[in-house]
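Keep the sequence and the 3D view open while reading.

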Amino acid sequence: MATLTPTPHTTQPSPPLTHGVLPRRTPELVLVGSAVVSVAVMSFLGFNLYGIGALMFLLDIIAITLISRRVEGPRRGTDRMVTTLVYGAFALAMLPLISLVWTVLSKGLPGLSMAFFTETMRGVIGEGGGIAHAIVGTLLVTGLAAVISIPIGLMAAIYLVEYGRGRLAKWVTFLVDVMTGIPSIVAGLFAYALFVVFYGPGVRMGAAGSVALSVLMIPVVVRSSEEMLKLVPNELREASYALGVPRWRTIVKVVLPTAVAGIATGVTLSIARVIGETAPLLLVCGLTTSMNTDLFNGRMTTLPVFTYYSYATPGFPPEAGYDRAWSAALVLTTIVMALNPVARVISFIFAPKTPGR
Amino acid sequence: MTQEPTSATTGAALRPTRKSRGDAIFAGISKSAGVLILAVLAGVALFFIIEAWPAVTASSDEIPEGKSLLDYCIPLVYGTIIAAVLALLIATPVSLGIALFISHYAPKRLAQGLGYIVDLLAAIPSVVYGLWGIVFLAAQLTPAYGWLAEHVGFIPLFAGPASATGRTVLTVGIVLAVMILPIMTAICREIFLQTPKLYEEAALALGATRWEMIRMAVLPYAKSGIISAAMLGLGRALGETMAVALVLSVGGGVSLNLISSENPSTIAANIALQFPESSGLEVNVLIFTGLVLFVITLAVNLTARWFIARRAEFSGAN
């Protein structure tokens, strides 16, 4: 703190009470300057985009810190350094996102065609074929998972918010937390271990995949529904009770309609969470080349598993398999990403239309 | 807490039996949904133990690779932990930076949109991360690994020989770090935003710079939240399967070397790679490793919850 309090007793001229301030655009100018210098240095040493980026960041952070320390004092200097680091962290996080989207788009788009969506892989060697069977499989497996998870998850949330008192509710809350952390591959093993009991070793079927996905989906549904039900003001419930409405009708007619927008959003996001899951389906759904619409009979291809196997075992020539893998990855990513805005639209549609909001 | 409407009112008095029956049924249904969740978890534990038991009792020459169960598990556990810890070491500072950027640095109007962009990373399926890791990232990192082995090879971590494909445990750590960034950022961001405005304004009023304000007001308040975010991220990284299965080039046992092509596999990736071709006792062994993974992630997640619970007690927010 010595720098803050000027000492008037010294013989030297007292330091200024306020430090100078750098002009507003200094950080930008320093950034441009370090970019120019790093491009110059790297074109001398050998052109490398990553090298330029790293050097630019390093130069920028050193330059702005030193300049600011000199003009504005050490505290401002540290502040400028942290600001640059924080901006840098965000820029760094954008790199993989941009690179991922670019890689998937550039490698996946050429393989997309009408046939890719309408054909299966039955009898296909080399080029051609499509993912119709995988899309159908994904929709069926995820659909059944939703049919299992949504009622259980929603009713459990209602239990926790509206009825839950005492030890049982505490245990359910705790175990939902535990379920949230179950790794997806463990959920897959669980579904396998469960179905082996009924169908014998080596069982592969779509329904087992749905059970595995439900284990992952139920805690998400419970958590989000619980949050939404808690947001419903108690006055609404009390007003309903005061009118003599029984508790269950209050829940069905007052509480749920008030919370339905948030619940629908949570459910959509929980579907987005499981629809891209690969590991459990790899274990219990397996892979087949033809269309299978029977959830309880035999292997069923899903989009993520198809993507994985198209890359891991591409066949001959391998390029055809790789191309299919990227196109399927593009379709899968698009589906998952599209579910996020869909969730927003759903929440908008279901939002209770009360005047004055 | 008796919120039951009394039957003194006329409307309710007309149908008391129907009312109580409907209530009983509805309460029963919702309660059984809660019980079902208990049953599912009990089932997970039970079926796991049933299916894993043959592996425990089997003699060592029946286990794949002819080792004892312990020797089979140790490299896998080591690989799992090293990959996850690498991911955590990379992701923690970056996610703190992003969270601070969104909560305290970015212009207010942009902040929400930027948060949404980071959340997009969470929407990308793990198999796509795997493809990206093996095709793009591994190829880009190969020259860097060669450089590391050549110049800082005296550090055991970079001893080399460097992998020619880039499919190393360090690449896996980076891919996992990207995958756990969104969840860690989201939690840190929420907690940074919850810092009482009064603390922040008090710090600024005393003449603190923005960084000093963050160091004195925001970070102490968010400390346990940051720890729990890191633990949850670690839990995710431990259980991540497909990215590791695709990217990692497996071979050899426990080794400190991060950039060679001989890496111990992780539990999850090993299951995904071996399970489809396994039968008989091999399946039981894999299920046993799954049980080990379950226990590890459970311990990590419970620690995270413990930190969150402790914070809720002390924060005074409730």
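Two residues are in contact if their C-beta atoms, placed from the backbone, lie within 7 Å. By that rule, 72% of the contacts in chain A with a separation of 6 or more are between residues 24 or more positions apart. In chain B, 78% of the contacts between residues at least 6 apart in sequence join residues at least 24 apart. The model is a predicted one, and every value here is computed from it.

**The two chains**

Chain A has 13 helices and zero strands. Chain B has 11 helices, again with zero strands. For chain B, the radius of gyration of 25 Å is well over the 20 Å that the globule rule gives for 318 residues, so the chain is more spread out than a compact globule. Chain A has a radius of gyration of 29 Å, while a compact globule of 357 residues would have one near 21 Å. The table sets out some values for each chain.

| Chain | Residues and buried share | Box along the principal axes |
|---|---|---|
| A | 357 residues, 43% buried | roughly 90 × 75 × 40 Å |
| B | 318 residues, 47% buried | roughly 85 × 65 × 30 Å |

**Nonpolar cores**

In soluble globular proteins, nonpolar side chains tend to be buried together. The largest nonpolar core in this model has 190 residues, and the members that touch the most others are A:Phe190, B:Leu176 and B:Ala272. Leaving aside neighbours within four places in sequence, A:Phe190 is in contact with A:Ala212 and A:Val215 in chain A, and with B:Val44, B:Phe47 and B:Phe48 in chain B. A second, separate core has five residues, among them A:Met56, A:Phe57, A:Ile61 and A:Ile64.

**Helix 2 of chain A**

Helix 2 takes in residues 49-72, and at 1.5 Å a residue its 24 residues should span 34 Å; the end C-alpha atoms are 33 Å apart, which agrees. After helix 2 comes A:Gly73, which has a positive phi near 95°.

**Helix 4 of chain B**

Helix 4 of chain B covers residues 108-123, and its 16 residues should span 22 Å at 1.5 Å a residue; the end C-alpha atoms are 24 Å apart, which agrees. Its buried residues are B:Gly115, B:Val118 and B:Leu121.

The loop between helix 12 (303-312) and helix 13 of chain A contains A:Pro317. A cis peptide bond, with omega about -5°, joins A:Phe316 to A:Pro317.

Helix 13 runs over residues 318-350. At 1.5 Å a residue, its 33 residues should span 48 Å, and its end C-alpha atoms are 48 Å apart, which agrees. Its buried residues include A:Arg324, A:Trp326, A:Leu330 and A:Val336.

Where does helix 13 of chain A bend? The bend, of about 25°, is at A:Asn340, and the proline A:Pro341 follows within four residues. A:Pro341 itself is found in helix 13. Is A:Pro341 buried or exposed? A:Pro341 has 11 C-beta neighbours inside 10 Å, so A:Pro341 counts as exposed. The C-alpha atom of A:Pro341 is 9.8 Å from that of A:Leu269, and the two residues are 72 apart along the chain.

Technical notes: Residues numbered from 1 in each chain as written. Chains lettered and ligands numbered in written order. Predicted model: local features only at pLDDT ≥ 70, side-chain atom pairs only at ≥ 80, totals over all residues. Helix = DSSP H or I, 4+ residues; strand = E, 2+ residues; numbered from the N terminus. Rg over C-alpha atoms; globule rule 2.2 N^0.38 Å. Buried ≥ 20, exposed ≤ 12 C-beta atoms within 10 Å, placed from the backbone. Expected span 1.5 Å × (residues − 1). Bend = angle between axes of the 7 residues up to and from the residue. Core = buried A, V, L, I, M, F, W, Y, C linked by C-beta atoms within 7 Å.
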